Amino acid sequence: MNIPFGFAGILAVAAIIYVARAVRIVRQFEKGLVETFGQFSRRAEAGLVLLFPPFQSIRMVDMREQVMDVPPQDVITKDNASVTVDAVIYFQVTDPAKVVYNVANFALAAIKLAQTNLRNIIGELELDQTLTSRERINTTLRQVLDEATDKWGVKVVRVEIQKIEPPQDITNSMSKQMKAEREKRANILEAEGFKQAAILKAEGSKEAVVLAADGEKQSMILRAEGQAEAMKRVADAEKYKTEVVYDAIHKGNPTKDLIAIKYLETLQKMSEGPATKILLPLEISGLAGAVTAAAELMKDPKNDAKS
């Protein structure tokens, strides 16, 4: 039986199209949901999947972690201040069947859920707490979203608040307050600096006086010790001199006549000094005897011979 060439070509094209629809490839990061007559029948893992169109079809679900932006919205705080808040949600599909069959539009549902809970969380905080409690808001919102999306087969990994913007007038007031606070801290630090400088200067002066007094004390002690040592050495020298003279006198065994002559010489030297006072020995008789003895010694021997 001969088949016309044109008809054969049509069959070939139809076969190629059928094979293309029947053979599908599931990538590494995907899961496939195979539907038979519109009803979920099985999951397809990564690799080559054979279908029987038109009775079967497949839906691909991305299993990677994904990010979703929550649009900015105006929220009223507990103290009736209006702030603009937006956030970012990081999530990952854990059950592809649930995310496809349990919710019609997961992205829209998650965004609306996040916006609603943001209003509830920030509505319980005052403005100052809202601006300083980002981590608290992130943690609370993540817990709420994770619980709500569990039945959708999605796990909320984390939530990050991108910005919290109060009205312009409140921003200006906060800016002025921060500026005043910074100036206050600067003045306090400057005053503390002057105070510390004055204290250090006073302590330095005190220490300098103490060191100077201590140095003067040590100097006086050393000077006194030096004078005492000098006096001691002078006394030792005088003692030695006296001992030498004393020993010399006793070893020489001088006569009374020699002693008398030395005595008179000493008196003569004393009388020649600049002093106006004349010193006389207490024993006048002894002096007279000494003079007589000296006169006898000074007599000329020749005269004695003549007589």
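Okay, let's start with R158: at 35% relative accessibility, R158 counts as partly exposed, where buried means under 20% relative accessible area, exposed over 50%, and partly exposed in between, with a 1.4 Å probe and protein chains only. Its partner is E65, and the two side chains meet in a salt bridge at 3.4 Å, N to O. By salt bridge I mean a side-chain nitrogen of Lys or Arg within 4 Å of a carboxyl oxygen of Asp or Glu. This pair links distant parts of the chain, with E65 in strand β6 and R158 in strand β8, 93 residues apart. E65 is partly exposed too, at 38%.

A quick word on what we're looking at. This is a predicted model, so local features need pLDDT of at least 70 and side-chain atom pairs count only at pLDDT 80 or more, while totals for chains, interfaces and linings use all residues. Residues are numbered from 1 along each chain as its sequence is written, and side-chain values use heavy atoms, with hydrogens and water left out.

Back to the salt bridges: the count comes to 10. One of them joins E30 and R27, with the closest N and O atoms 2.8 Å apart. Here E30 is buried, at 9%, whereas R27 is partly exposed, at 46%. Another is E181 with R185, at 3.9 Å between the closest N and O atoms. Both lie in helix α6, residues 168–252, four residues apart, or about one turn of the helix.

Now the overall picture. The protein has nine helices and eight strands; helices (H or I, at least four residues) and strands (E, at least two) are DSSP runs, numbered from the N terminus. Of its 307 residues, 21% are buried.

So what about the inside? The largest nonpolar core has 34 residues, and V85, I89, F106, L118 and I137 touch the most other members. A nonpolar core, for us, is a set of buried Ala, Val, Leu, Ile, Met, Phe, Trp, Tyr and Cys residues joined through side-chain atoms within 4.5 Å. Which helix gives the largest share of this core? That's α3, with seven residues. Take I137: leaving aside neighbours within four places in sequence, I137 is in contact with residues including L118, I121, I122 and I164, contact meaning heavy atoms within 4.5 Å. There's also a second, separate core of six residues, V26, V34, A44 and I58 among them.

Helix α3 also holds Q115, which counts as buried at 11%. Beyond its sequence neighbours within four places, Q115 contacts V70, P71 and Q73.

Last stop, the aromatics. The whole structure has four aromatic pairs. Rings of Phe, Tyr and Trp (its six-membered ring) pair if their centres lie within 6.5 Å; planes under 30 degrees apart count as stacked, over 60 as edge-to-face, and the rest as tilted. F37 and F55 make a tilted pair, 5.5 Å centre to centre with 55° between the planes. F37 sits in the loop between β2 and β3, and F55 in the loop between β4 and β5, so the pair ties together parts 18 residues apart in sequence. Exposed or partly exposed? F37 is exposed, at 66%, and F55 is partly exposed, at 46%.
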